[in-house]
Amino acid sequence: MCGIAGLLTGTQQVTDIVKSTEGMIATLAHRGPDDTGIWKDTTVGISLAHRRLSILDLSPEGHQPMHSADGRYIIVFNGEIYNHRQLRKELENADLVNNSSSDIKWRGHSDTEVMLAAIMQWGVIEAVKQFTGMFAFALWDRKEKQLYLVRDRIGEKPLYYGWSNETFLFGSELKALRACPGWRDEIDREALALYMQFNYVPAPNTIYKGIRKLEPGCIAKITGKGSSHDVEIQKYWSMHDVVSQPYQNINDKTAIEHTESLLSASVKRQMVADVPLGAFLSGGIDSSLIVALMQNQSSRPVKTFTIGFNESSFNEAEHALAVANHLGTEHTEFYVSANDAMDVIPLLPTLYDEPFADSSQIPTYLVSRMTQEHVSVSLSGDGGDEFFGGYNRYTWGQNIWDRIKLFPLPLRRSFASVLRTPSPQTWDRLFSIFKYMLPTRYRYSSAGDKLHKLAKLLGTISPNDIFIELISLWEGEGIVIDSDVITTVATDQAQWPDNLSFTEFMMYMDAKTYLPDDIMVKVDRATMGVSLESRAPFLDHEVIEYAWSLPLDMKIRNRQGKWLLRQILYKYVPQTLIERPKMGFGIPIDSWLRGPLRDWAEELLDESHIRSSGYLNATAIRKKWDEHLSDKRNWQYHLWGVLMFQAWLNGQS
């Protein structure tokens, strides 16, 4: 895992190019503390820079920027190509068939060297299609004088690009672009409005005007000089195409066996490293299954890591410990306090570079920091929810719509008012009193919050409206001053597949937006912020494509998500250790904002301070803050979004 940066310009002097690139790559030292390198060609104004976190081929032969054997290509690469050994054999066999085996003279055993050989053999686009892994890389073609930027299929690894005056910039994080001389911090109010709606900035937007995220599954080709650079975007893999394929006619036994085979193979590939390796373990289905498959293929106890909370409704550490004990892993845990969270909060604006407000960013950073003290690589269960039907809304979204559509809209809205009258905390107390009288599947954590969400949904007029309500926060309140509404794939019906059920549509949209723009951003910054590499076996594109080829009832059955994954996990872990309501990986932000985080929040939410910045509607924000403090409503997610923007904005000055 590494950090990359560079520029293409027709205006800077030789010394300026070197100095600018050195400044850019220096900001990414946390992503690659083991080595650094810069390559430049002053005749065309191109420079590529790299910071290395050594995972494969720890020798100097893995140094980047790396040149292809024929000298045509130079690459800087962030990520891992898990099938590089297989590709290496294919390339060697191709040379033997062509009687040109002398053409490949391997210098080391890094995946980067294999990538360059594959590009030489098959060309950029066809080679990328053969790569299995997580990656973001920049490739300079010296013959054609073209720069390629490439991002993996799911968006595990980040890549930003854009212009500063007449210089084209790119980098793994926005801080690298900001370090280039002449950079201007111009906030994009439309992107800010999207952030306030989703608590993250959806791709291809960034918080800055003129700067973009390369979207997953895309190759950008940059040609030209100076301000006349043209950027041509081409997709080499599309989630839309994957979900548009017909289902397989397959029985349960075959689906279970093949899914286990694919996941086991993915885990095996991702366990290859020349450094110590472990896994995040929450005790839930996804991480438990990944750890079980790791332990099944390991001769030694797998190192596992989890964090816990003293608040029981958020604590999964005891479940993780039970799974770890059953599987025989070497387990480490750490309990998080409000003070621990406070210590992390000042780091967040620098860590994320643009406003980002998934509050689980805090425990993710803390577990990453703890894990890095023991290993350099950690596998995770990310992706299991989106591709195997894990989120609660997948199991009750369609069910809710089927019921509420039977009643007149005015009646539904009246009932919504009744549900909103007690606060979420009051509902939680009622559920705690009567929870043992309820069926297991209805013993939700944060039940009051879910009932308030239900009240929101009762006023919708279509399933699609339900989805938008579920994923949106600040809407219709003019929260961002002087902003226009722009559409995203989540809100533009013209971009939606037309062959999906409502539940499948939600799964698709989460995989297309929430997974790359929230989950992967959170994990990448938290892990790379402490120089830890995170890998996600569920995000192998063969696993994803197979999961989408299966009927929905193999993922959600009897109102229970991840049916298929459960059947595999039960082979390794007793059902009693797994079956419990889904909790999620969050922290008690709602109560902490009323308690230990209150003074910090009060300062950022000061009405005059918000007004003076000129971006947000201070009156609307203050109203929600007062309601939250009085325990009348739980506005934790809305307020966390505001707080993260205000904290980030303060860091810009």
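Two strands pair if DSSP finds at least two bridges between them. With that settled, here are some friendly notes on the model.

1. **Ground rules.** This is a predicted model, in which local features need pLDDT of at least 70 and side-chain atom pairs count only at pLDDT 80 or more, while totals for chains, interfaces and linings use all residues. Residues are numbered from 1 along each chain as its sequence is written, and side-chain values use heavy atoms, leaving out hydrogens and water.

2. **Overall make-up.** The protein has 27 helices and 17 strands; these are DSSP runs numbered from the N terminus, with helices being H or I of at least four residues and strands E of at least two. Along the principal axes, the C-alpha atoms fill a box of roughly 75 × 60 × 45 Å.

3. **The open sheet.** Six strands form an open sheet with antiparallel pairing, in the order β4-β5-β6-β7-β11-β12. β4 (66–67) and β12 (230–235) are at the edges with a single partner strand each, so one side of each has no neighbour in the sheet. The antiparallel pairing of β4 with β5 (residues 73–81) runs over 2 bridges, and H67 stands opposite I74 in β5.

4. **A helix across the sheet.** Helix α3 (residues 111–122) lies across β4, β5 and β6 (133–141), at about 125 degrees to β5. Axes here are lines fitted to C-alpha atoms, for helices over the stretch in contact, and angles run from 0 to 180 degrees between N-to-C directions.

5. **α8 with α21.** Helix α8 (residues 252–270) packs against helix α21 (residues 541–548) at about 165 degrees, with the axes 9 Å apart. The two are therefore roughly antiparallel (angles under 35 degrees count as roughly parallel, over 145 as roughly antiparallel, 65 to 115 as roughly perpendicular and the rest as oblique). The contact (heavy atoms within 4.5 Å) involves E542, V543 and Y546 of α21, and residues of α8 including H258, L262 and R269.

6. **α26 with α27.** The axes of α26 (residues 618–629) and α27 (residues 636–652) come within 10 Å and cross at roughly 130 degrees, and the helices are therefore oblique to each other. I621, K624, W625 and H628 of α26 meet Q636, H638, L639 and V642 of α27.
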